[in-house]
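User: I am new to reading protein models. Please take me through this one, and tell me what stands behind each term.

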Amino acid sequence: MKHLRSVNSKAKRVARAADPRNDVVALQGPPTPAAAPHIPLGCTLIFSPGWEADHNGGTAGLCTPVERDIFDCHEGCFWPAQVPDQLNHAPDWTAKCASAQKDWRKIDLVFP
Amino acid sequence: MSQLALREFHSFQAAGKDFVYLVPSAAVFELDDSSAAVINRLRAGNVSREDLARQLSALFPATEVDETISELLRVRAIGEIGVPEKKAPKVMPPENFPLTTMVLNVTNQCNLSCTYCYEYGEDKIVDTENGKKPKFMSEETARESVDFMLREAGANKVAHLTFFGGETLMNFPVLKSAMSYARQRAAETGKQVDFSLTTNATLLRPEIIEFLAENRVGVTISIDGPKEMQDQFRVFSNGKGSYDIVAPKIKELLKRHRSRPIGARVTLTSQTLDIRKIYKHLTEEIGFWDVGFAPVTTSPSTKYAIAESGFDAMLEQFRALAADFLEAALENRHHGFSNVKDTLEEIHKGVSKAYPCGAGLGLMGVSTDGDVALCHRFAGSDAHKLGTVRDGIDRLVQIGFLEKHHIDDKTDCSQCWARPLCSGGCYHEAHTRYGETARPNLHYCEWIRGWTDTCLKIYAELSVSNPKYLEQFDEKVDYEASPVS
């Protein structure tokens, strides 16, 4: 803060919280340009050594199985899966599927 | 293009500089020239960021204005129109909130008959004469209360036990035995108990004074000032004033009891409204370390009630004495006007209260039969009962009370800049005035705002001219001061 002097203890805390450098979860202001590339979990935009492990050697964030990955197929990132257009045509497509990992069988077919 | 507008704050000047008190965060910021200019411009009407920079370009470079706007936006002194304000959610206190202070009404009897008394006068809640409550607390109930206090203190290491009445010293034997029992139980449970009491001083005897001094009992004396003021309302049942009885006893107490500072607690009425004179008498002639003032709690119809114009007069007098306080604080001298000091401490920490006080939360009052009430002023009232010392706190009743009395539910307060500190004011005052504890005390809003403004100015002045003075408020974590009224 250059133009406001924090006078009481609360002001110091407010100033600290309002400092964009402390805004780690981007709750306060517009997103600051990310310093590092965003690496989505559960998808392989970068070279992947294969399906056995991700690029860090872990297995928890792999694309498979399908119930883990299904929403990424039409929202988060590109994946060549055929899913309905949930924005316009089939907004209720996943209405019965509260938790993908549990309820993915309840997702029905969509007819034009 | 989005327009900028002022958000909620109170602005004031001190030491020739501009300050803002932000609401509801309770943060105090000093403005430099550019931030003061931005706020001043926005006072005249809403304007876009670009226009603002252009309009102020003669005074400040555009980048500086832009930087200032960003800072003011971040601390929420200003905001963009159309962008909803980020309202803090209604946060309830955590469950099983630890009890910090228990006020034990060891008796509801009193040897004085003060005209304005909320326990005996026209405004009383509990029938203390013919009611079903015992007139004196038994040793057993006092012991059960101590157990209750230590149990409800939870993880707190220190519990505060305040003895209260009626006239506290009318039940000195129980006070004494409760203290020794509390010491013993505290040692067994690895806690500490801090003791204090409030008394009218009529029953102070050398051996009692000795006991209080030896045991480091904090003492607050209810006294209204010099003889003519004290004797106006603080009288015996035959109408005789109490000044000549209490003054020598208090002097004796002050001479012997040096282990803790001893304070006076003054009830102000329309007929005894001369604060400087009272203060001077109590500190210089009697020798009190500090003096706290509170206007009498009563319905507006009584002749001693402070009417609206009286609040203005009271504010003027508070301000005059506060000016003396500031003068002393600038020179690092002690000044015993405790109303200022208490408020400065709250401003320093930046408290933004969900509730006006700790009643029903960290502070509870226990009546002579062991019923637990919101605070000592409600002790014995069935309508304000939270449980008993034997069965503990009825959590559902407590949560219901806290839900209902939260500042977010006081619509009248929602536009007031003083709400972080006031939060609607005393439940007992509201009950006496309006018959409803949840009502904000609208009869003294102007007074609260005037007084808060005065204390903010003193705080800001000290932050510029003697910042070292404010460091004394840094590390204290004892949020629940002992009740004195």
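**Terms and what backs them**

Analyst: In β9(B), B:D194 is the bridge partner of B:H160. The model is predicted: local features need pLDDT of at least 70, side-chain atom pairs count only at pLDDT 80 or more, and totals for chains, interfaces and linings use all residues. Residues are numbered from 1 along each chain as its sequence is written, while chains are lettered from A and ligands numbered from 1 in the order in which they are written.

User: What makes strand β8 and strand β9 of chain B a pair?

Analyst: Two strands pair if DSSP finds at least two bridges between them. Strand β8 (residues 158–164) and strand β9 (residues 192–199) of chain B have 6 bridges, in the parallel sense. Therefore they count as paired.

User: Why are β12 and β16 of chain B called edge strands?

Analyst: β12 (290–295) and β16 (392–393) each pair on one side only. They belong to an open sheet of 10 strands in chain B, with mixed pairing. Helix α5 (residues 172–189) of chain B packs on the sheet and touches β7 (101–105), β8 and β9.

User: Why are α11(B) and α15(B) called roughly perpendicular?

Analyst: Helices are DSSP runs of H or I, at least four residues long, and strands are E runs of at least two, numbered from the N terminus. Helix α11 (residues 338–349) and helix α15 (residues 445–465) of chain B pack at about 70°, with axes 10 Å apart. Angles of 65 to 115 degrees count as roughly perpendicular, under 35 as roughly parallel, over 145 as roughly antiparallel and the rest as oblique. So α11(B) and α15(B) are roughly perpendicular to each other.

User: Which residues of α11(B) and α15(B) make the contact?

Analyst: α11(B) brings B:V340, B:T343, B:L344 and B:I347, and α15(B) brings B:C455, B:L456, B:I458 and B:Y459. Contact requires C-beta atoms, placed from the backbone, within 7 Å. By class, there are 7 nonpolar, 1 polar and no charged residues. Ala, Val, Leu, Ile, Met, Phe, Trp, Tyr, Cys and Pro count as nonpolar, Asp, Glu, Lys and Arg as charged, and the others, Gly among them, as polar.

User: How many residues does each chain give to the contact between chains A and B?

Analyst: Chain A gives 15 residues and chain B gives 22. α1(A) gives the most to chain A's side, with 6 residues. β1(A) also pairs with strand β4 (residues 28–31) of chain B, antiparallel over 3 bridges. There, A:L4 stands opposite B:L31.

Terms used: Axes fitted to C-alpha atoms, helices over the stretch in contact; angles between N-to-C directions. Contact = placed C-beta atoms within 7 Å.
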